[in-house]
Amino acid sequence: MPLVSPSLLSADFGHLAQDIEMLNSSEADWYHLDVMDGVFVPNISFGFPVMQAMANHARKPLDVHLMIERPEKFVDQVKALGSHVMNVHYEACPHLHRVVQQIKNAGMLAGVTLNPHTPVAVLEDIIDDLDLVMLMSVNPGFGGQKFIEHSVEKTARLRELIDRRQAKALIEIDGGVNVHTGAKLVKAGADVLVAGSAVFSAPDPAAEILALKNL
Ligand code: DX5
Ligand code: ZN
């Protein structure tokens, strides 16, 4: 059974508390918070004051996805939210090993995210240090995009790398995940599914979360 991490990027920002209450009473495992800086990605989402408001209502672990340059500057602030997972992009971190240690020293799970064009092989020398690897199955920056099918094969390759090294990293997939793409991803070895539009545009979001859990 995969963990399901609904992305609040697709929530109704005018009624965030209400959407978070829905998640609190659903089968969701984590809450995925997408931070964008308009530099690393061509969009801006929300920052710490909004995430603090979300955290105040959330009764499950936060899974923070930083689509920003210099994410190492914000380790303490992400920790202060009470975050469980801090995901940074491989492409944004020239000193990735140092950032990963900072995240772990702060007491969070260290996640490294790869853009669609970045091969899993770049993680060969750091995989043992990671708690989680997240593969982007769309180009980061926007919700509601079309799933890149190649991500299924890429998930299987990441599974093979982790198993071969007997590493413990969880595999999380983000972008275009719904029950159809999610089924293929779970079969390929995914542990955590992020879903934004599939959950929040469903007629019954809690039922959609349950359907993803049951893949
Ligand atoms: C995209 C974000 C995703 C996004 C996923 O840049 O990282 O988390 O919210 O949205 P869907 O599930 O609609 O593709
Ligand atoms: Zn995300």
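# A zinc site and its ligand

Mentor: Start with H32. One of its polar side-chain atoms lies 3.3 Å from an oxygen atom of ligand 1. Bear in mind that this is a predicted model.

Trainee: What makes the approach of H32 to ligand 1 a polar contact?

Mentor: The cut-off is 3.5 Å between N or O atoms. The H32 pair is at 3.3 Å, so it counts as a polar contact. D34 also qualifies, with a polar side-chain atom 2.8 Å from an oxygen atom of ligand 1. S197 does too: an N or O atom in its side chain is 2.6 Å from a ligand oxygen. Of the 380 Å² of accessible area that ligand 1 has on its own, the protein covers 100%.

Trainee: Which residues come nearest to ligand 1?

Mentor: G141, D174, G176, G196 and S197, out of 20 residues around it.

Trainee: How do you know which residues are protein donors of the zinc ion (ligand 2)?

Mentor: Check distance. A donor is an N, O or S atom within 2.8 Å of the metal. H32 (NE2), D34 (OD), H65 (ND1) and D174 (OD) lie 2.0 to 2.3 Å from the zinc ion, so they count as donors.

Trainee: Why is the site of the zinc ion called octahedral?

Mentor: There are six donor atoms, with angles of 71 to 168 degrees. The rule for six is that opposite donors are over 155 degrees apart and all others between 65 and 115. The site is classed as octahedral.

Trainee: What spacing do the donors follow along the chain?

Mentor: H-x1-D-x30-H-x108-D. H32 is in strand β2 (residues 31–36) and H65 in strand β3 (residues 62–67), so this pair ties together parts 33 residues apart in sequence.

Trainee: Are H32 and H65 buried or exposed?

Mentor: Buried means under 20% relative accessible area. H32 has 0%, and H65 has 0%. Each is therefore buried.

Trainee: What about S7 and G143: buried or partly exposed?

Mentor: S7 has 4%, so it is buried. G143 has 46%, which falls between 20% and 50% and is therefore partly exposed.

Trainee: Where are S7 and G143 found?

Mentor: S7 is in the loop between β1 (3–6) and α1 (16–24). G143 is in the loop between β6 (132–136) and α5 (150–164).

Trainee: How do you know that the side chains of S7 and D34 make a polar contact?

Mentor: They are 2.7 Å apart, and the limit is 3.5 Å. Beyond its sequence neighbours, S7 also contacts others, including H32, G196 and F200.

Conventions
Residues numbered from 1 in each chain as written. Chains lettered and ligands numbered in written order. Predicted model: local features only at pLDDT ≥ 70, side-chain atom pairs only at ≥ 80, totals over all residues. Heavy atoms only, no water. Donors = N, O, S within 2.8 Å, 3.2 Å for Na, K, Ca; no water. Tetrahedral: all angles 85-135°; square planar, octahedral: opposite > 155°, others 65-115°. Helix = DSSP H or I, 4+ residues; strand = E, 2+ residues; numbered from the N terminus. Buried < 20%, exposed > 50% of the residue type's maximum accessible area, 1.4 Å probe, protein only. Near = heavy atom within 4 Å. Polar contact = N/O pair within 3.5 Å; in protein donor to acceptor, adjacent residues only side chain to side chain. Areas by Shrake-Rupley, 256 points an atom, 1.4 Å probe, with all protein chains shown as cover. Contact = heavy atoms within 4.5 Å. Lists of a residue's contacts leave out its neighbours within four places in sequence.
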